[in-house]
Amino acid sequence: MQEPRVSAEKLVVIGQGYVGLPLAVRAVEAGFKVIGLDVDSDRVKRLASGESFVEDIPADRLGRALGSGRYHPSTEYADAEGFDVCVITVPTPLRDGTPDLSYVEQAGTGIAPYLRPGCVVVLESTTYPGTTEELLRPLLESASGLRSPDDFHLGYSPERIDPGNRTWRLENTPKVVSGIDAASLSRVDAFYRRLVTRTVPVGSTQVAELTKLIENTFRQVNIALINELAMLSHHLDIDVWQAIEAAETKPFGFMPFRPGPGVGGHCLPIDPCYLSWQVKRRLGRQFRFIDLANDVNHEMPEHVTQRIMAGLNRTGRAVSGARLLLLGLAYKKNTGDMRDSPAVDVAERLRDLGADVRAVEPYAEPHHIPGGVLVVKLTEPEVRAADAVVVVTDHDVFDYDMVARHARYVFDTRNRCSGAVVERL
């Protein structure tokens, strides 16, 4: 194999979304020349003009990356020629319960002609164990004529981006890294050590792939546990929020999770299903915890809708024709990410029941708002005019005290409001 360079200088990041854009900008700051590839030409144009759609990368930070002359958003794979490192950060959705790796395949096919001896390719997209070696490796080899690990290095490093998290960012979150052999692991590790404060090397790409699925399956299962407890506690007339706060005082053996209207984003509704699918495909067995967790969490939007209807009935108002004000439509607070958001599910259910649904969503882009939902600002007149205010996504910018003072009825799925008119999930 050709002797590798001491440090990789040209990086290609395929996918410029919530994972790829922060990685690209951080790499520019670390001294790399970065080509940010994306198939969405409108997204590329916006990035080239300095417009960021990712809250973790404000416009001024993107502007500095562009101003350095070392960040070039592009739709053309030809711009990848001569790269040292390529990181693939494309979506991996589910289609009818089956993993859809078509974006990974397209990325591999697109970059393969530009592989050269000594280069490094890393997959970050969430997927089932075995994808890097069983799918990506033969694809890259077939289309390039090179072989890994003899000619190029290949590895996997699960993304750990948490949009809107002001404490744990890309650079200070430990980064799990792997390679298909010792030399590949060394090169992958060396690359990420230039971007983050700590790397966590593991023994194989399969271990790294499973690591990501463990992390999100752990969250999915525990959120489902607490969501089911919330539904049962309501019928038992017990304050589950107070019970969680009390349990949280135990200094060992407990980790708090809190109920909500469901789960959303690209990770929790999808990633555990990759593991469940792989277990069924390879072992012919059901992963029962995942199946149960999915059932509970998928039930939450309907449960929230029924609770809102019951609350309106107690005030003498039917849901049909009622004016409802929803606070938040994103899947998590302080972001505009609406992928698989349970808040959108709740809004659409209420709209379909004949309600006049209005929403306050300060972060999401207008074209992501569901049809039939009017976006408004959070003002005292809007709160007073609503038959019910529903806290669905608890953005910190909302004035919850004002809402509790002036609303007729509040259904709070996030435990942010208090007062006589407030009912909690």
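## Helix packing and aromatic pairs

N294 lies in helix α10 of this predicted model. With a relative accessibility of 9%, N294 counts as buried, because buried means under 20% relative accessible area. Apart from neighbours within four places in sequence, N294 is in contact with Q220 and C273.

Two packed helices are described by the angle between their axes and the distance between the axes. The axes of helix α7 (residues 205-236) and helix α10 (residues 288-314) come within 8 Å and cross at roughly 45 degrees. The two helices are therefore oblique to each other, and their crossing is left-handed. On the side of α7, the contact includes T217, Q220, V221 and I223; on the side of α10, the residues include F289, I290, A293 and N294. By type, the residues of this contact divide into nine nonpolar, seven polar and three charged.

The structure also holds five aromatic pairs.

Together with Y192, F32 and F191 form one aromatic cluster.

Y128 belongs to the loop between β7 (120-123) and α5 (131-144), and W277 to helix α9 (residues 271-283), so their pair ties together parts 149 residues apart in sequence. Y128 is buried, at a relative accessible area of 9%, whereas W277, at 22% relative accessibility, counts as partly exposed.

Key: Residues numbered from 1 in each chain as written. Predicted model: local features only at pLDDT ≥ 70, side-chain atom pairs only at ≥ 80, totals over all residues. Heavy atoms only, no water. Axes fitted to C-alpha atoms, helices over the stretch in contact; angles between N-to-C directions. Helix = DSSP H or I, 4+ residues; strand = E, 2+ residues; numbered from the N terminus. Parallel < 35°, antiparallel > 145°, perpendicular 65-115°, else oblique. Left-handed = near helix turned anticlockwise from the far one by under 90°. Contact = heavy atoms within 4.5 Å. Nonpolar A, V, L, I, M, F, W, Y, C, P; charged D, E, K, R; others polar. Buried < 20%, exposed > 50% of the residue type's maximum accessible area, 1.4 Å probe, protein only. Phe/Tyr/Trp six-rings, centres within 6.5 Å; stacked < 30°, edge-to-face > 60°.
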